Amino acid sequence: QVQLVESGGGLVQPGGSLRLSCAASGNIGSINAMGWYRQAPGKQRELVATITRAGTTTYADSVKGRFTVSRDNAKNTVYLQMNSLNAEDTAVYYCNAAVRRLRDSNYDDYWGQGTQVTVSS
């Protein structure tokens, strides 16, 4: 099996910063795209940022210029540096990865359990 474990969430004041991490482990052959999604109360889950294995990134318009996604392929880990946080960033943040398991030929989507980010004074 494959597991994604997030860390780094918490409570931060408006204007503050947080760094999320997500490590993939288990029966991993290779990982293609990795990324972050978030879901605020009463809203649908939305894409925050993604990064390909080669390092190509995409961002939601709402986080451009404030958030930076990066990854360490050797550690099967993706990061999300979040700066200038505001109340609208409050949500549960989920890690996502497209993983090919050993001896498999297809990539499947895997999700972390989510980590709460709360921006409040």
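**Figure 1. Salt bridges in the predicted model.** Five salt bridges are present in the structure, which is a predicted model. One of them joins R38 to D89, with 3.0 Å between the closest N and O atoms. R38 belongs to strand β4 (residues 28–39), while D89 sits in the loop between β8 (77–82) and β9 (91–101), so the pair ties together parts of the chain that are 51 residues apart in sequence. R38 has a relative accessible area of 5% and is buried. D89 is buried as well, with a relative accessible area of 1%.

**Figure 2. The salt bridge between D89 and R66.** The side chains of D89 and R66 meet in a salt bridge, at 2.8 Å from N to O. This pair also links distant parts of the chain, 23 residues apart: D89 is in the loop between β8 and β9, and R66 is in the loop between β6 (57–59) and β7 (67–72). R66 counts as buried because its relative accessibility is 15%, and the cut-off for buried is under 20%. A network of salt bridges links R38, E46, R66 and D89.

**Figure 3. The salt bridge between D61 and K64.** Here the side chains of D61 and K64 form a salt bridge, with a distance of 3.1 Å from N to O. D61 is exposed, and its relative accessible area is 64%.

**Figure 4. The largest pocket.** The space in the largest pocket amounts to about 180 Å³. Its lining is made up of 13 residues, and R38, A40, K43, E46 and E88 are the ones nearest the pocket centre. By residue type, the lining has six charged, four polar and three nonpolar residues. R38 and E46, which are among the residues nearest the centre, also take part in the salt-bridge network with R66 and D89.

**Figure 5. The largest nonpolar core.** In soluble globular proteins, nonpolar side chains tend to be buried together. The largest nonpolar core of this model contains 31 residues, and W36, V48, F67, V78, L80, M82 and Y93 have the most contacts inside it. At least two core residues come from each of β1 (2–7), β3 (18–26), β4, β5 (46–51), β7, β8, β9 and β11 (115–119). Strand β9 gives the largest share, five residues.

**Figure 6. Surroundings of V78.** V78 is one of the residues with the most contacts inside the largest nonpolar core. Leaving aside residues up to four places away in sequence, V78 touches L20, S21, C22, M34, W36, I51, V69, S70, R71 and C95.

Note on methods. Residues are numbered from 1 along each chain as its sequence is written. This is a predicted model: local features need pLDDT of at least 70, side-chain atom pairs count only at pLDDT 80 or more; totals for chains, interfaces and linings use all residues. Side-chain values use heavy atoms; hydrogens and water are left out. On a 1 Å grid over the protein atoms alone, a cavity is a set of points where a 1.4 Å probe fits but cannot get out, and a pocket is an open set with protein on both sides within 12 Å along at least five of seven lines; lining residues have an atom within 4 Å of a point. Grid points are joined across faces, edges and corners, and a volume is the space filled by probe spheres set on the points. Ala, Val, Leu, Ile, Met, Phe, Trp, Tyr, Cys and Pro count as nonpolar, Asp, Glu, Lys and Arg as charged, and the others, Gly among them, as polar. A salt bridge is a side-chain nitrogen of Lys or Arg within 4 Å of a carboxyl oxygen of Asp or Glu. Helices (H or I, at least four residues) and strands (E, at least two) are DSSP runs, numbered from the N terminus. Buried means under 20% relative accessible area, exposed over 50%, partly exposed in between (1.4 Å probe, protein chains only). A nonpolar core is a set of buried Ala, Val, Leu, Ile, Met, Phe, Trp, Tyr and Cys residues joined through side-chain atoms within 4.5 Å. Contact means heavy atoms within 4.5 Å.
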